[in-house]
Amino acid sequence: MPEVKKPGKKYKAKRPTRDEFELEEMGERLVEAKQEDSTVVLTVWDEPEPVRGRIVKLDARTRLVHVQTLEKVLKLPFLDIMRVDSPRD
């Protein structure tokens, strides 16, 4: 009987850790962008392209940031957001 090969384990890359100061500063920038209803560019971990849109909701219970893009509303986990920038144009 031929030997059945077991699939190897695939390890997903872990999200980089940030200290409390970095997370607090990023949270303040998100709150400010929501209050001013301004467009932001978010660098999201494990996403090839930055996300550009307006923050429509910050859900503290689920820790999701709701971002309105041109096409749809994305719900991004707060800890997956690596940078918050202003658009260059």
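Which residues have the most contacts inside the largest nonpolar core? This is a predicted model, in which local features need pLDDT of at least 70 and side-chain atom pairs count only at pLDDT 80 or more, while totals for chains, interfaces and linings use all residues. Residues are numbered from 1 along each chain as its sequence is written, and side-chain values use heavy atoms, with hydrogens and water left out.

Select L30, L42, I55, V67, I81 and V84, which have the most contacts inside the largest nonpolar core, a set of 13 residues. Such a core consists of buried Ala, Val, Leu, Ile, Met, Phe, Trp, Tyr and Cys residues joined through side-chain atoms within 4.5 Å, where buried means under 20% relative accessible area with a 1.4 Å probe, protein chains only. Two or more residues of this core come from each of α1 (20–36), β1 (39–44), β2 (51–59), β3 (64–68) and β5; helices (H or I, at least four residues) and strands (E, at least two) are DSSP runs, numbered from the N terminus.

Next, colour the strands: five of them form an open sheet in the order β4-β3-β2-β1-β5, with antiparallel pairing, and two strands pair if DSSP finds at least two bridges between them. The edge strands β4 and β5 each pair on one side only. Five bridges join β3 to β4, and a hairpin of four residues links these strands.

Finally, select D80, in the loop between β4 (73–77) and β5 (81–85). D80 is buried, with a relative accessible area of 13%.

Conventions. Buried < 20%, exposed > 50% of the residue type's maximum accessible area, 1.4 Å probe, protein only.
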